[in-house]
Amino acid sequence: MSRPDAKVVTKWTRNVPGWRPRVTPVNLQEASEAQLEALQVTPSNTKVSDYVLVLAHDVETLKVRSPLFNGIMYDAGGLSRAERELGAIGASMVNHCIYCAAVHASRHAQIEKSEEVTDKIFAAGAKAELSLRDSAIFAFALKLSKAPSEAGPEDMAALKEAGLDEAEILDLILSTALFGWANRLMHVLGDPVRTGDGG
Amino acid sequence: MSGFQDTTAFTMGGVAADSAIGAAVEGRAKIFEMTQAAEDAVLAPAEAGGLSHDLRAALAARIARLNGEADLAERYAGRIGGDAALADPANDGTAQDMGAVVAFMDKVAGRTAEVRAEDVETLKSAGIGDADIVRLAELNAFLAYQIRLIAGLRLMGETQ
């Protein structure tokens, strides 16, 4: 739970901030049967984040969203985990979701065991000098995330030149598009915050 | 739950079932089916709160139009039972007493990066409750996803 004196984080970071909701989260004590089921609250598992408690206001969507999210980011085959994270990071930067970018940049660095790519992306955005493959993936994610999408045939050609097959391109579209969704919840319904002690 | 070939994303994305793209989609059939379940949850939930199914369909058509997705907009507009005025992005919603909701939805859909705490406060001042604010955000957010999935699939087909 974030403190009221927490400062809003405005710069890209891999150090995942707290999240302060702009609407009141569902109170677990007053939650409906359907909400408790969607939240998977059991007597032994009562820890639910403010973010998920906010989303519990729309319980029917929350119930389908979680398995869909996990499927797109983690299902076997197709695009690598790190490259799906790159799609998520691209969307989050276009939509300025500092929180989402932090979570997924830190995951990218963890998977790759390197902070090089996300350091470059946070410093230079669309102008970051990346490998041919990462550069095609990141550029596509940035353009698909615009409203309306600005991705065009030249971006698709770059993905293919970089060696992505149809299944990998589909996974990139899915992970990037998914963050068009996640960003519009996280960035719209709350603030990324940091308390004085770094928490 | 429908099969992946009956989903809005598959149909609107113009994917040919017997193509390499069709095969890639089949490999992610479960995800396409869950995407359709999510469409049902944001467009026509059993518990609609303060947002009627008609209003949801009108806002969905509006957001599709804002993104240049005319066919998808038509599809959602076809679900509006009553007044379709809000489906037109040129209408600011004032005449329907929906100005705050429309302004919020347009900004979240098209200028996401610029959304601030004040935008949520404006909705609250207009009498929109917390649960309905979350429902509006979920509707908008789902459409952002579905619209980009469709745009991406179409682009794959065009460049095959």
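Predicted model: local features only at pLDDT ≥ 70, side-chain atom pairs only at ≥ 80, totals over all residues.
Let me begin with one pair of side chains, Arg28(B) and Asp171(A), which meet across the two chains in a salt bridge at 2.8 Å, N to O, where a salt bridge is a side-chain nitrogen of Lys or Arg within 4 Å of a carboxyl oxygen of Asp or Glu. Residues are numbered from 1 along each chain as its sequence is written, chains are lettered from A and ligands numbered from 1 in the order in which they are written, and side-chain values use heavy atoms, with hydrogens and water left out.

Back to the interface. Across chain A and chain B the rule finds two salt bridges, and there are 17 residue pairs in polar contact between chain A and chain B, both residues being at pLDDT 80 or more. A polar contact here is a pair of N or O atoms within 3.5 Å; within protein, one must be able to donate a hydrogen and the other to accept it, and residues adjacent in sequence count only if both atoms are side-chain atoms. On the side of chain A that touches chain B, the elements giving two or more residues are helices H2 (50-55), H3 (59-74), H4 (81-94), H7 (132-144), H8 (153-161) and H9 (166-189) of chain A, with helices (H or I, at least four residues) and strands (E, at least two) taken as DSSP runs numbered from the N terminus. The largest share of that side, 16 residues, comes from H9(A). By class, the side of chain A that touches chain B has 27 nonpolar, 13 polar and 12 charged residues; Ala, Val, Leu, Ile, Met, Phe, Trp, Tyr, Cys and Pro count as nonpolar, Asp, Glu, Lys and Arg as charged, and the others, Gly among them, as polar.

In total, 52 residues from chain A and 52 residues from chain B take part in the contact, contact meaning heavy atoms within 4.5 Å. The area buried between the two chains is about 4200 Å², of which carbon and sulfur atoms give 69%; this is the accessible area (1.4 Å probe) that two parts lose on being put together, summed over both.

Let me now turn to a residue of chain B. Thr35(B) sits in helix H3 (residues 29-43) of chain B, and with a relative accessible area of 2% Thr35(B) is buried, where buried means under 20% relative accessible area, exposed over 50%, and partly exposed in between (1.4 Å probe, protein chains only). What does Thr35(B) contact, once its neighbours within four places in sequence are left aside? The list is Leu68(A), Phe142(B), Tyr145(B) and Leu149(B), and with the side chain of Tyr145(B) the side chain of Thr35(B) makes a polar contact at 2.6 Å.

Over all chains, a search of the whole structure finds seven aromatic pairs. Phe142(B) and Tyr145(B) form one that is tilted, at 6.1 Å centre to centre with 55° between the planes; rings of Phe, Tyr and Trp (its six-membered ring) pair if their centres lie within 6.5 Å, and planes under 30 degrees apart count as stacked, over 60 as edge-to-face and the rest as tilted. Ring pairs also link Trp181(A) with Phe142(B) and Tyr145(B) into a cluster.

Returning to charge, the count comes to 22 salt bridges over all chains. In chain A, Lys120(A) and Glu116(A) meet in one at 3.2 Å, N to O, both lying in helix H6 (residues 116-124) of chain A, four residues apart. Lys120(A) is partly exposed at 32% relative accessibility, and Glu116(A) is partly exposed at 48%. In chain B, Lys124(B) forms a salt bridge with Glu121(B), the closest N and O atoms being 3.3 Å apart, and about one helical turn separates Lys124(B) and Glu121(B) because they are three residues apart in helix H7 (residues 117-125) of chain B. Arg14(A), Glu115(A) and Asp119(A), for their part, are linked in a network of salt bridges.
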